[in-house]
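The sequence and structure are shown first, and the description follows.

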Protein chains: 2
Amino acid sequence: MKKSMGAKTLMAAVPLLIIGSYDQKGKPNLMACAWGGICCSAPPCINISLRKATYSYSNIILNKAFTVNILFGDRVKEADFYGIVSGCEYDKFEETGITPIKSDIVNAPFGLEFPMVIECKVIHTIEIGLHTEFIGEIMDVKAEEYLLDKQGNIDTGKLNPIFYTPGSREYYSMGNYLGKGFKIGKSIIPVKE
Amino acid sequence: MKKSMGAKTLMAAVPLLIIGSYDQKGKPNLMACAWGGICCSAPPCINISLRKATYSYSNIILNKAFTVNILFGDRVKEADFYGIVSGCEYDKFEETGITPIKSDIVNAPFGLEFPMVIECKVIHTIEIGLHTEFIGEIMDVKAEEYLLDKQGNIDTGKLNPIFYTPGSREYYSMGNYLGKGFKIGKSIIPVKE
């Protein structure tokens, strides 16, 4: 029996994204963002939603660019810190000992020490309500070499991304392999006569 | 050292969402969608991106409504099946033994046997490229009673959502608890003098 929980942002779990941007003086900033994901395959795009009150919002409006840094479980404290304090008060790179690197493609910084970064150029801005959604075209993805297999592809077994549970406001790691996409469901397809 | 992977949809992992919709004859359909998440807190909104070629796309254009069903790891085969075949060829509820229930709030069906459902009304449609993004206002979230704690909130420990890794096209479960949001990062905040 299902119980009504009300109109709430109660998706089970979402990926935690760390957004990199520059302010008007070129100071790099990082922000934790749980409202985001992939929203188009061609062109490849990421959507992130930010409140107008955030430092990163103004930065992205200014530069029309951002990075999405993927942090692993060993940096969950830092990731949480990026969501607690504002870039107008702290240098979040410095406070966490992360080296800001300017993207060679878009006007936004990423963290040298972070395992993966996705560099994005804003192509749509949608006013929804408390949050504004930025759709960023993915211009490049960069991954640490230790994450790659012999063919140069990302070895999923080496990924350890952080998920956020909106209901309980907690962080979780990725769990076990459940199966191959576009394959394990084929056994359900009825045999045609 | 980071290696360029190119402009690809290589986010580490994203939630797998199962979208419910009705066609013009009232036939209920389910579709797997990995391009989606939460995009606004107030009003609470979900974004999902679909290709125009899908049966669900036409259904959502028609009804301006959809449900987001959260499936757990025990139904990963069904979830994959919903992404492999089209609703124009199969009755995906029937083929997987799932009972379609009409939402009492929006004109879209959900699965009786699924643990959680989010009922959405389309408020924005954004043409991005291969995918169209629908932003749905969350009108209600319904969860099976066994998922709730004594206070009536969702017990995150009982959730077992499925994640999809776009790079390797695999499914994964949720892993271990890493910490409390807006709390564990506080230890990094410098003490002001």
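## A strand pairing between the chains

In this predicted model, strand β1 (residues 2–6) of chain A and strand β11 (residues 131–144) of chain B run antiparallel and are joined by 4 bridges. Within this pairing across the two chains, A:Ser4 stands opposite B:Lys142 in β11(B).

## Onward pairing within chain B

B:Cys120 stands opposite B:Ile138 in β11(B), and the two strands, β10(B) and β11(B), form a hairpin with 3 residues between them.

Strand β10 (residues 116–127) of chain B has a further partner in strand β7 (residues 65–70) of chain B, to which it is joined by 6 bridges, again in an antiparallel arrangement. Here B:Ile70 stands opposite B:Met116 in β10(B).

## The contact as a whole

Turning to the contact between the chains, 93 residues of chain A and 93 residues of chain B take part in it. On the side of chain B that touches chain A, the largest share comes from strand β13 (residues 170–180) of chain B, which supplies 11 residues. By residue class, that side of chain B divides into 51 nonpolar, 26 polar and 16 charged residues.

How values were computed. Residues are numbered from 1 along each chain as its sequence is written. Chains are lettered from A and ligands numbered from 1 in the order in which they are written. This is a predicted model: local features need pLDDT of at least 70, side-chain atom pairs count only at pLDDT 80 or more; totals for chains, interfaces and linings use all residues. Two residues are in contact if their C-beta atoms, placed from the backbone, lie within 7 Å. Ala, Val, Leu, Ile, Met, Phe, Trp, Tyr, Cys and Pro count as nonpolar, Asp, Glu, Lys and Arg as charged, and the others, Gly among them, as polar. Two strands pair if DSSP finds at least two bridges between them.
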